[in-house]
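Morning, everyone. Let me put today's structure on the screen, and then I'll walk you through it.

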Amino acid sequence: MPETRSTTQKRIKIGELKKDPSLIDQEVTVKGWVRTLRNQKSFAFLEVNDGSTVSNIQIILNSTLPCYEELVQTIQTGACVRITGILVASLGGKQSVEIQAKEVETLGNAPADFVLQKKRHSFEFLRTIAHLRPRTNTFGAVMRVRNSLAFATHKFFQERSFLYLNTPIITSSDCEGAGEMFAVSTLNLENPPRDDSGKIDYREDFFGKKAFLTVSGQLNGEAYALALSDVYTFGPTFRAENSNTTRHLAEFWMIEPEMAFADLRDDMDLADDYLKYLIEYVLNNNNEDLEFFNSFISNGLIEKLSHVLETPTVRVSYTEAITILENANVPFIFPVKWGIDLQSEHERFLTEVHFKGPVIVYNYPKEIKSFYMRRNSDERTVAAMDLLVPGIGELIGGSQREERLDVLEATILAQGLDIENYDWYLDLRRYGSAPHAGFGLGFERLVQYATGMENIRDVIPFPRYPQHALF
Ligand code: 4AD
Ligand code: MG
């Protein structure tokens, strides 16, 4: 820190201040929100938090302060304050430093009935005040971990010379071919233009054809990988699936790397390295937040994450996974047989009971996977892989892509998709096709995994799910 810097004039973030022993006995200014005020007659304690770290800074207000009586009468939990005072090593138990206030300014007070008083609120309730929940310990910690995971993502791919690519949010291609897309239109819903046969005439719509919010940037990513070698996207994706689960959102963020000259093994290696890199990054950089989750949200979280770093990720073929499930002697709700899509109960059994850690399952039956996945020589399976983790299930889904024009065309037709919409995608196979592979990681599921948060609605600032698009 430059010596000329005035710590009085310039506000210091609490996280920074707590890490800097040279500030002890200096005058400092902090700004933040009051978590509690405890009035002890001749002095009072303020607990202030500014979101830079999970712990508060304790402020001591002495009765000799100007306007002491008025201050302690008026400042409420939730108020925003500026404090200037001397940073001192604390005598009391858990605080390492505290501030002896010289000046207290209320920047914005809150009424006595402000909703976030010092008590535990349910996450369900906090979702109804999603604009205020960042003022709680849990949401502060979630957002700091989320931020670290985003930063680590860029760091990981940039260190490996992947190019960051922005793919469109509005699209006319259905990447997953599942038809779970939100329409984007400027037509008058009450009275849309119709063609001669009475159908809605999308030629008159904004884009001159049906358009949607993207479910994945993969197809566009492939175009750029087949020119620039290695790319990754990191953007919002949208799914109009009516899933009311703790793992599904209608709007979520996805990271999608795509590599030219890569096969399924390279893809699995990348997924494995990326996951471990992310975990290592948060273990090294979000210690306090992880300690918080470990104590209050998910017992054993840190040990679980550390364990992932120390053990190679298991890889089993879908066929092997089915055999394990068949021999499990567990009364699954969805009966197990070769050809089924793995349900969450099956994924949980594999990761939580059988392997007790992350598992990559590869080579799935072609019938249950998307059209773009590369057909294996057995003609029954495709070169797909899913990375499953305990507590969540599928965190990553990826595949080697079908690079053979004739095979790809046949699959698009067999799956009943409109081949005209994929003409540009087929061009990538007509002109200089190459083996390539990639995957998508659901960012919110990653945040859940790293924090132990149970519900995906609580790891994104403003969650969108069926019947909910508030704030
Ligand atoms: O498995 P998915 O559908 O794969 C794709 O979209 C491919 N195009 C990715 C690729 O190969 N480039 O989705 C990828 C991941 C899932 O593994 C899951 O983690 C997450 O996205 N995901 C969701 N996360 C939250 N809410 C939802 N509704 C999600 N659907 C998928
Ligand atoms: Mg998937």
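This is a predicted model: local features need pLDDT of at least 70, side-chain atom pairs count only at pLDDT 80 or more; totals for chains, interfaces and linings use all residues.

Now the partner. Glu105 makes a salt bridge with Arg82, and the closest N and O atoms sit 2.7 Å apart. Arg82 is in strand 4, residues 80–89, and Glu105 is in strand 5, residues 97–108, so this pair ties together parts 23 residues apart in sequence. Arg82 has a relative accessibility of 18%. The cut-off for buried is under 20%, so Arg82 counts as buried.

Let me zoom out for a moment. The protein has 471 residues, and buried residues make up 51% of them. There are 13 helices and 16 strands. Along the principal axes, the C-alpha atoms fill a box of roughly 85 × 60 × 50 Å.

Back to charges. How many salt bridges does the structure hold? The count is 25. Side chains of opposite charge can pair when their charged atoms come close. I'll pick out a few.

Take Glu222 and Arg429. Their side chains meet in a salt bridge, 2.8 Å from N to O. Glu222 lies in helix 5, residues 218–228, and Arg429 lies in helix 12, residues 423–430, so the pair ties together parts that are 207 residues apart in sequence. Both Glu222 and Arg429 are buried.

Next, Arg430 and Asp423. They form a salt bridge too, with 3.3 Å between the closest N and O atoms. Arg430 counts as partly exposed, because its relative accessibility is 32%. Asp423 is also partly exposed, at 39%.

Salt bridges link Asp269, Asp272, Lys276 and Arg315.

Now the ligand. Which residues come nearest to ligand 1? They are Glu176, Gln218, Arg239, Glu256 and Glu394, out of 25 residues around ligand 1. By type, that shell divides into nine nonpolar, eight polar and eight charged residues.

Where does the shell come from? Three strands each supply at least two residues: strand 11 (251–260), strand 15 (393–400) and strand 16 (436–442). Strand 15 gives the most, with five.

On to polar contacts. A polar side-chain atom of Arg239 is 2.8 Å from an oxygen of ligand 1. A polar side-chain atom of Tyr372 is 3.4 Å from a nitrogen of ligand 1. Gly397 uses its backbone: a polar atom there lies 3.4 Å from a ligand 1 oxygen. How much of ligand 1 does the protein bury? Taken alone, ligand 1 exposes 630 Å², and the protein buries 94% of that.

Last stop, the surface. Ile169, Ile170, Phe206 and Phe207 make a nonpolar patch of about 390 Å². Ile170 belongs to strand 7, residues 170–171. Ile170 has 39% relative accessibility, which means partly exposed.

To recap two points. The protein buries 94% of the area that ligand 1 exposes alone. Over to you.

Notes
Residues are numbered from 1 along each chain as its sequence is written. Chains are lettered from A and ligands numbered from 1 in the order in which they are written. Side-chain values use heavy atoms; hydrogens and water are left out. A residue is near a molecule or strand if one of its heavy atoms lies within 4 Å of it. A polar contact is a pair of N or O atoms within 3.5 Å; within protein, one must be able to donate a hydrogen and the other to accept it, and residues adjacent in sequence count only if both atoms are side-chain atoms. Accessible areas come from the Shrake-Rupley method with a 1.4 Å probe; for residues, only the protein chains shown count as cover. Helices (H or I, at least four residues) and strands (E, at least two) are DSSP runs, numbered from the N terminus. Ala, Val, Leu, Ile, Met, Phe, Trp, Tyr, Cys and Pro count as nonpolar, Asp, Glu, Lys and Arg as charged, and the others, Gly among them, as polar. Patches are made of residues with over 30% relative accessible area and no salt bridge: like charges are joined within 9 Å, nonpolar side chains (Val, Leu, Ile, Met, Phe, Trp, Tyr) within 5 Å. A salt bridge is a side-chain nitrogen of Lys or Arg within 4 Å of a carboxyl oxygen of Asp or Glu. Buried means under 20% relative accessible area, exposed over 50%, partly exposed in between (1.4 Å probe, protein chains only).
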